[in-house]
Amino acid sequence: MTITSDIQKAANLLTKGAVVAIPTETVYGLAGNIFNEKAIRTIFDLKKRPLYNPLIVHLKSYSDLEQVAVAIPDKARALAEAFWPGPLTLVLKKQPNISDLITAGKDTVAVRVPNHPVALALLNSLDFPLAAPSANPFGSISPTTASHVSNYFDPADLFVLDGGDCARGIESTIVGFEGDEPILYRAGATNISAIEAVVGPLKVFTKDDIAPVAPGMLSKHYAPSTPTFFTTNISESLENYSNKRIGLLSFCQTYNHPAIVFQNQLSRDQNLEEAASRLYALLHELDAQDIEVLLVEKVPHEGIGIAINDKLQRASVQ
């Protein structure tokens, strides 16, 4: 595996039909030309991702939206104008030439414009958009550094474009539409309250294990290899698992208990944006420790904390 900052090399590989790991402001993605069926199949094969789970298409700008979508609702345009480039994905009626592989056979496509200088420079050097789900095996912790990606995949399989640490640290928020009415499919890095300020109240439909309309809707996702338990009461959970080697991810507080082998805090300053940016990196760090159980604490359920709790719940033993 090659980790490099050579954008032109990545562009050349993508043009030839290869899959390249790329940075975004949310997480690293496994990117391929949306018009190259072999590249899209390679993404699914590398991730071991089920074909019923659709991919997100990444554009270089809002002006390219009609390249992939049709019958775009006015509220979708308002959201694109307000939040692109940025961590908001819209699920829209697809153009006929968008592969059913990308959309899991549905007539809708998930699309966004990333807000990362390396990703945008790469997209602007290409004459096609990129499909790019997170650059990790299906269901595992999402990667927020190039080294996270390199730890997941065989060195012979993948070229990684290094763009540093992902600033936002969790996936994009996903919004779709029934007619012109917006629906929340995935809580993410764009706050729900900010979206509702533009388009009004969102209907919430964020779980579907059979035929998800968008990524991130499965009940089990973003999971460490260590059995993980989501808790609102750390002290009680520590007692429940006191016979195990415990790893602990709390919101802001340090805990003392003889069973704790390793612990960290999402934000000692109780800053939810910082907590989001550190979430996956700390989960990777904890999962690498010699622990038997990982306890993760619910954060304040407001703003981006709603998305953090959603990720932690899906990562935990149900």
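Student: Which residue forms a salt bridge with Glu-273?

Tutor: In this predicted model, a salt bridge requires a side-chain nitrogen of Lys or Arg within 4 Å of a carboxyl oxygen of Asp or Glu. For Glu-273 the closest N and O atoms of the pair are 3.8 Å apart. The partner is Arg-168.

Student: How many salt bridges are counted between domain 1 and domain 2?

Tutor: The protein is divided into domain 1, residues 3-204, and domain 2, residues 228-315. Across the interface of these domains there are also 5 residue pairs in polar contact. The count of salt bridges between domain 1 and domain 2 is 2.

Student: How do the residues of domain 1 that touch domain 2 divide into nonpolar, polar and charged?

Tutor: The side in question belongs to domain 1, where it touches domain 2. Its residues divide into 3 charged, 6 polar and 10 nonpolar.

Student: What separates the centres of domain 1 and domain 2?

Tutor: The centres are taken over C-alpha atoms. The contact between the two domains takes 19 residues from domain 1 and 14 residues from domain 2. The separation of the centres is 28 Å.

Student: What area do domain 1 and domain 2 bury between them?

Tutor: Of the area buried between the two domains, 62% is on carbon and sulfur atoms. The buried area is about 1300 Å².

Student: Is Gln-270 buried or exposed?

Tutor: Gln-270 lies in the loop between strand 14 (260-265) and helix 9 (272-287). Its phi is near 60°, a positive value in a residue other than glycine. The relative accessible area of Gln-270 is 53%, and exposed means over 50%. Gln-270 is therefore exposed.

Student: Is Lys-48 buried or exposed?

Tutor: Lys-48 is found in the loop between helix 2 (37-47) and strand 4 (56-58). Although Lys-48 is not a glycine, it has a positive phi of about 55°. Because its relative accessibility is 68%, and the cut-off is over 50%, Lys-48 counts as exposed.

Student: Which residue does a cis peptide bond join to Pro-85?

Tutor: Pro-85 has its place in the loop between helix 3 (74-83) and strand 5 (88-93). Omega of the cis peptide bond is about -5°. The residue joined to Pro-85 is Trp-84.

Technical notes
Residues numbered from 1 in each chain as written. Predicted model: local features only at pLDDT ≥ 70, side-chain atom pairs only at ≥ 80, totals over all residues. Heavy atoms only, no water. Domains from an automatic or database assignment. Contact = heavy atoms within 4.5 Å. Buried area = accessible area lost by both parts, 1.4 Å probe. Polar contact = N/O pair within 3.5 Å; in protein donor to acceptor, adjacent residues only side chain to side chain. Nonpolar A, V, L, I, M, F, W, Y, C, P; charged D, E, K, R; others polar. Helix = DSSP H or I, 4+ residues; strand = E, 2+ residues; numbered from the N terminus. Buried < 20%, exposed > 50% of the residue type's maximum accessible area, 1.4 Å probe, protein only.
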